[in-house]
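Student: I have just opened this one and would like to go through it with you. Can we take it slowly?

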Amino acid sequence: MSVTAYLLLASVIFVIGATTVLVRRNSIVVFMGIELMLNAANLAFLAFARMWGNVEGQLAAFFVMVVAAAEVVVGLAIIVSLFRTRRTVSVDDENLLRH
Amino acid sequence: MNGLEMSTAEQVLFWIVGPITVLGASALLFSKRAVLTACSVMVTMVGLAFLYVGLGSPFLGVVQVVVYTGAIMMLFVFVLMLVGVDVSDSFVETIRGQRWIGAIFGLGLLVVLAGAVYRSTFTFVIGGEGAAGDNAGAVASLLFSDFAFTLEVTGCLLIVAAMGAVILTHRVRLTKPVTQPQLMAGRTKRGLRLTPPPAPGNYARHNAADVPAIDPSGRVIEASVPSSLRLRGQVHTLRGLSQDLLEDPPACGPKEVKP
């Protein structure tokens, strides 16, 4: 019961994040959806870590957090520089590589 | 932890915090304002931190609050302010029906994931509660022995990411900086306003920033309201403001006294 409950919660949160990426246009909101998916994966990691009674799963979640921090820094820098050149944060208008 | 069942305290924690996290996360789908979305996601992150502590890893719960709520979401809000909060999500679909297709894909993913979780059986929960008192110590001893190299690599990653952010947001100045006299001369040449714009609010009746000032002839000075409020269309009109200003517009010179 306990692992199943946590995994179901993690699935719901992951799906909300994934649907955000599919549906929303504001690139900052899309980025928050990606963060939410990483958090859902962390929750699953911790549930499994407790199921097996070791800390390797916690370490995996820790490294996910570190990589997420690095990813957020670079991603937001890209969004800021895109906003400076194109004056928009909508993912529809960022078609610089199309032509 | 007694095998497959949750303890009562854990059940209470899960059924209170779990719905709150899902509610906070669902703002990502339904909220139109990006800042509100960021605040709701912060609630989700704090709720997840509670769940992490409940799962016997208080170290990661604290790290979650510090890194996600304290650093990452603050960075999101900072960038939202930098980009401008008036930039709202456009609801014009460039691909027809893309919103519904996305929602259907999300539902399908939920069904697949939940089905896989529901149909699989798990072993008895061994639990790390015994070591929960020294959870940080257990994590540290593993982190600095078996995963020491990984830790160093992630350190490199953080430094590279910080350098990359600095380089990405840095702009090389292509033109000479404009000095104050040059700016003034340009304004005079183009016939623009030389003085600072008048302060918002009129005649001490209203001092809110979204109320425009009134010039002596009774007309509204649009430039007195901050430009971000004008962009968002949050300027108060005189009609919406007060009736007496409309009936009795302030005029310059001595006013006639009504009997």
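Student: How many residue pairs are in polar contact across the interface of chain B and chain A?

Tutor: This is a predicted model, and across the interface of chain B and chain A the rule finds 11 residue pairs in polar contact, counting pairs with both residues at pLDDT 80 or more.

Student: And which helices of chain B supply the side that touches chain A?

Tutor: Helices α1 (8-30), α2 (34-54), α3 (58-83), α4, α5 and α6 (148-169) of chain B each supply at least two residues of that side, and α3(B) gives the most to it, with 14 residues.

Student: How do the residues on that side divide into nonpolar, polar and charged?

Tutor: The side of chain B that touches chain A has 55 nonpolar residues, 22 polar ones and 8 charged ones.

Student: OK, what area is buried between chain B and chain A?

Tutor: About 7000 Å² is buried between chain B and chain A, and carbon and sulfur atoms give 76% of that area. B:Leu28, B:Leu55 and B:Phe76 supply 10% of the area that chain B buries against chain A, which is more than any other three residues. In terms of contacts, 85 residues of chain B are in contact with 66 residues of chain A.

Student: Changing topic, how many salt bridges are there over all chains?

Tutor: A search of the whole structure finds 1 salt bridge over all chains, and the pair crosses between chains, running from B:Glu10 in helix α1 of chain B to A:Arg50 in helix α2 of chain A. The side chains of B:Glu10 and A:Arg50 meet at 3.0 Å, N to O.

Student: Are B:Glu10 and A:Arg50 buried or exposed?

Tutor: B:Glu10 is buried, and A:Arg50 is buried as well.

Student: What about rings, how many aromatic pairs does the structure hold?

Tutor: The structure holds 7 aromatic pairs over all chains. One of them is formed by A:Phe48 and B:Phe122, a tilted pair with 6.0 Å centre to centre and 55° between the planes.

Student: Why does that pair join two chains?

Tutor: A:Phe48 lies in helix α2 (residues 27-52) of chain A, while B:Phe122 lies in the loop between α4 (98-119) and α5 (135-143) of chain B, so the pair joins two chains. A:Phe48 itself is partly exposed, with a relative accessible area of 31%.

Student: Last one, which residues form an aromatic cluster?

Tutor: A:Phe62, A:Phe63, B:Phe59 and B:Phe147 form one aromatic cluster.

Key: Residues numbered from 1 in each chain as written. Chains lettered and ligands numbered in written order. Predicted model: local features only at pLDDT ≥ 70, side-chain atom pairs only at ≥ 80, totals over all residues. Heavy atoms only, no water. Phe/Tyr/Trp six-rings, centres within 6.5 Å; stacked < 30°, edge-to-face > 60°. Helix = DSSP H or I, 4+ residues; strand = E, 2+ residues; numbered from the N terminus. Buried < 20%, exposed > 50% of the residue type's maximum accessible area, 1.4 Å probe, protein only. Contact = heavy atoms within 4.5 Å. Buried area = accessible area lost by both parts, 1.4 Å probe. Salt bridge = Lys/Arg side-chain N within 4 Å of Asp/Glu carboxyl O. Polar contact = N/O pair within 3.5 Å; in protein donor to acceptor, adjacent residues only side chain to side chain. Nonpolar A, V, L, I, M, F, W, Y, C, P; charged D, E, K, R; others polar.
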